[in-house]
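Hi,

Here is the structure you asked about.

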Amino acid sequence: LDTVWQTFGEDRVIYGSNWPVSALYADYATVQHVVQAYVQDLPAATQRKFFHDNAAKMYRWPAASPS
């Protein structure tokens, strides 16, 4: 994970579980825990980019409308 993060940076890395392939090595909860533990000390804004914002930008998701 360090290599990916250092190579691409916080504005280009997108979370993806790789399920069901990852299930060959660990259950989904374990994979999710490893990833969450890796990013837990990063600023909240960086975590949001990783788990949501970068994908939204890449895939050009429409902005959520206020409720």
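Thr 46, Phe 50, Asn 54, Ala 55 and Ala 56 are the buried residues of H3 (buried is under 20% relative accessible area, exposed over 50%, partly exposed in between, with a 1.4 Å probe and protein chains only; helices are DSSP runs of H or I, at least four residues, numbered from the N terminus). Bear in mind that this is a predicted model: local features need pLDDT of at least 70, side-chain atom pairs count only at pLDDT 80 or more, and totals for chains, interfaces and linings use all residues. Residues are numbered from 1 along each chain as its sequence is written, and side-chain values use heavy atoms, with hydrogens and water left out.

The cover over those buried H3 residues includes helix H1 (2-8) and helix H2 (28-39). H3 also bends by about 55 degrees at Phe 50 (the angle between axes fitted to the seven residues ending there and the seven starting there). After H3 comes Arg 60, with a positive phi near 55 degrees.

Phe 50 turns up again in the largest nonpolar core, six residues in all, with Trp 5, Val 13, Tyr 15, Val 35 and Val 39 (such a core is a set of buried Ala, Val, Leu, Ile, Met, Phe, Trp, Tyr and Cys residues joined through side-chain atoms within 4.5 Å).

Then there's Gln 32, in helix H2. Gln 32 counts as buried because its relative accessibility is 18%. Leaving out residues up to four places away in sequence, Gln 32 touches Tyr 15 and Phe 51 (contact means heavy atoms within 4.5 Å).

Cheers

Definitions and conventions: Helices (H or I, at least four residues) and strands (E, at least two) are DSSP runs, numbered from the N terminus.
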